[in-house]
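Please view the structure first.

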Amino acid sequence: MIFSRIIAIGSACRDFIIDLLFPAACLGCGRSGAWLCPACRRGLRPADHDCPHCQRPEPNGQFCPACAPAFHFRGLWAAGDYSQPLMAQLIKSLKYHNIRELADILADLMAEQAKEIAGRTDFYPNQAGRAPLLVPVPLHPKRQRQRGFNQAELLAEKLRDKLAWSTDASHLVRVQSAGAQAKLSGAARAKNLRGAFVWRGDGLAGQNIILVDDVATTGTTLNECAAVLKKAGAGEIWGLVAAK
Ligand SMILES: [Zn+2]
Ligand SMILES: [Zn+2]
């Protein structure tokens, strides 16, 4: 108890010192006061809702009928477009420059997407009325120690507060590290990731799930996670990312 209070005070002091040394300035235009000013926020382009694999127009981000059989999740909800430099900068600054306040800003945009699309589909609220469970894509423990945090987990925590859904960040586990995943082609990525994730929780008994990550490129990582969750009994699964 005392120990956790000391840690909390310590981290509040650390945040205060960081704020003094590095006052927030908009990553888009440099105006001081916030990491993203209202004008630059309005300039962020929302992502399209096309099929995440072949880019065929779809209304809600789901895989088109031709691509759907190859995936264990139904589709992808993305708040923004990674090709927009400001969106890429927001994500990189969270991940590599440790500006954790950005998780709150990105989760705001993601929550808007999730509410809008979930309301248009039968995903939630559905007949069962059971809220979906937010599950962040896990990092390998070694990578998480190096970075000090998992950005997907931070986003999921913020989304939980904004959407009043629950989150489970402890039972989907990464047991193999990625290696140089970014440099591999789609098929090689899938092969490289096989067996990388395991579910160490109880059976999911039809629970609908939203897999949370910062970025999706080919959807391979989300698909591997979704396969594992389906095997554990999950119901319908969607991906939710800050940008694609
Ligand atoms: Zn700005
Ligand atoms: Zn498609």
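Helix 3 and helix 4 cross in the left-handed sense (the near helix is turned anticlockwise from the far one by less than a right angle). The model is predicted, with local features needing pLDDT of at least 70, side-chain atom pairs counting only at pLDDT 80 or more, and totals for chains, interfaces and linings using all residues. Residues are numbered from 1 along each chain as its sequence is written, and chains are lettered from A and ligands numbered from 1 in the order in which they are written.

- L90, S93 and L94 of helix 3 meet L102, A103, I105 and L106 of helix 4, where contact is C-beta atoms, placed from the backbone, within 7 Å.
- The axes of helix 3 (residues 85-95) and helix 4 (residues 101-120) come within 8 Å and cross at roughly 140°.

**Burial of helix 4**
- Buried residues of helix 4 include L102, A103, L106 and M110 (20 or more other C-beta atoms within 10 Å; exposed is 12 or fewer, partly exposed in between).
- Their cover includes strand 1 (76-80), helix 3, helix 6 (151-163), strand 6 (209-215) and strand 7 (237-243).

**Positive phi in loops**
- Most residues other than glycine have a negative phi.
- N98, in the loop between helix 3 and helix 4, has phi near 60°.
- N98 counts as partly exposed because it has 13 C-beta neighbours inside 10 Å.
- A164, in the loop between helix 6 and strand 3 (166-167), has phi near 55°.
- A164 is exposed, with 8 other C-beta atoms within 10 Å.

Methods. Axes are lines fitted to C-alpha atoms, for helices over the stretch in contact, and angles run from 0 to 180 degrees between N-to-C directions. Helices (H or I, at least four residues) and strands (E, at least two) are DSSP runs, numbered from the N terminus. Two residues are in contact if their C-beta atoms, placed from the backbone, lie within 7 Å.
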